[in-house]
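Dear colleague,

Please find below the structure that I am passing on to you.

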Amino acid sequence: MTKKNLTIGLFGFGCVGYGLHEVLQRTPTLKTSIKKICVKDKNKARQISAEHFTFDKNEILNDDEINVVVELIDDADAAFSIVSAALKKGKAVVTANKKMIAEHFNELLELQKTYQVPLLYEAACCASIPIIRNLEEYYDNDLLESIEGIVNGSTNYILTKTATEKISYADALLDAQQKGYAESNPTLDTGGFDAKYKLLILIAHAFGLVLHPNEIYNQGIDKLGELELNYAREKGFKIKLIAHAHKTNEGKIESYVLPKFISTDDKLFSVDDVFNGVKTKSCFSDSQFFVGKGAGAHPTASAVLSDISALSYDYKYEYKKLNQSVAELENDFSVKVFLRHKKEEQQFLQSKFSSVDESFLNHNSGYIIGNISLENLKQLSETPDLSIVLAN
Ligand code: HSE
């Protein structure tokens, strides 16, 4: 098959945009060139000369020579308007914007169908790990039972630094921002939202179920405190932010994003720093494990590069599972959690558990370990000074 020549219009020249520029320069075998780069800030100093840039999106969208739009900006609403305009003009699109994809999944599916153009987004999930294309192609026939992993690089970096190098949470977050791992609004990382957007995309490709972000329960790492960190240390666990989805015996999908105590026998135990790790379990291939850098300029650009290369062979997602599957979301399930709370709230909180394995109180706080329904967990989640860690 002959490779198509691709002329790229790039939106955004931040960490990943510049990374892509560098990566393309070092990949001469790919017959591509970036014709124009659209950026917002007119006064920002940039590493390449001014003639490459435009401040007018239409200079790219109305250029018939540009057949691929690569969207690498961080504003999800602006990204959706650019991506939908590009698809409507028949341009293939590569994006890394997981928030935009998660919030507009159905509209983006419709646009791809109506205008018969591909939209690829491998860089939106786990950066350098080729998970989406594997879910699409390799697990096409093998029946997937579960997918679980660390899908956010910044929070894994922060958890690693605070637990093993005794760096403060604030310093570790600043470090993750300076290294270009965190979102411009880091609450998306630390609150577990970024992980949820990625999980939503993974669920669509793994199980053929398109959810709205509000349908997936998420807790981040921003409420973790000394009591649970000490508990983890004493037991030899690490705390990792986990995105989880599995198919029940009835064929329904249970999913959530939660911090979890990880024991040494779990493959995710040794996934540290900015690395992501994804475990899949399926009927015939059994357990598999993917690992790789989950954020940063070059790891993310490598996935964008791979999508650009795939476009040169006319690759597109076929969404076979979406067309075959009738999967539904299951919200009626329980999880085993460690719940840290204020001392005076113990009795009330304990009444929300269906069973309690262990409880502890000190002078001002305490914890409960036990089973609780997702519904009760959701209701309690906004309680101040409360932290939840998955314990099973
Ligand atoms: N902020 C994201 C992360 C970037 O830390 O994983 C990569 O998607």
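**The ligand and its surroundings**

A polar side-chain atom of Lys98 lies 2.6 Å from an oxygen atom of the ligand. Please bear in mind that this is a predicted model. In Ser154, a side-chain N or O atom is 2.6 Å from an oxygen atom of the ligand, and for Asn152 the corresponding distance from a side-chain N or O atom to a ligand oxygen atom is 3.4 Å. The ligand taken alone exposes 260 Å², and the protein buries 93% of that area.

The space that the ligand takes up is the largest pocket. Around the ligand stand Lys98, Asn152, Gly153, Ser154, Tyr181, Ala182, Glu183, Asp189, Asp194, Lys198, Gly294 and Ala295. Which helices each supply at least two residues of the shell? They are helix H7, covering 153–164, and helix H10, covering 193–207.

As to the chain overall, the domain assignment gives domain 1, made up of 6–129 and 298–321, and domain 2, which spans 332–392. The centres of domain 1 and domain 2, taken over C-alpha atoms, are separated by 44 Å.

With kind regards

Note on methods:
Residues are numbered from 1 along each chain as its sequence is written. This is a predicted model: local features need pLDDT of at least 70, side-chain atom pairs count only at pLDDT 80 or more; totals for chains, interfaces and linings use all residues. Side-chain values use heavy atoms; hydrogens and water are left out. Domain bounds come from an automatic or database domain assignment. A residue is near a molecule or strand if one of its heavy atoms lies within 4 Å of it. A polar contact is a pair of N or O atoms within 3.5 Å; within protein, one must be able to donate a hydrogen and the other to accept it, and residues adjacent in sequence count only if both atoms are side-chain atoms. Accessible areas come from the Shrake-Rupley method with a 1.4 Å probe; for residues, only the protein chains shown count as cover. On a 1 Å grid over the protein atoms alone, a cavity is a set of points where a 1.4 Å probe fits but cannot get out, and a pocket is an open set with protein on both sides within 12 Å along at least five of seven lines; lining residues have an atom within 4 Å of a point. A molecule sits in a cavity or pocket if more than half of its atoms lie within 2 Å of its grid points. Helices (H or I, at least four residues) and strands (E, at least two) are DSSP runs, numbered from the N terminus.
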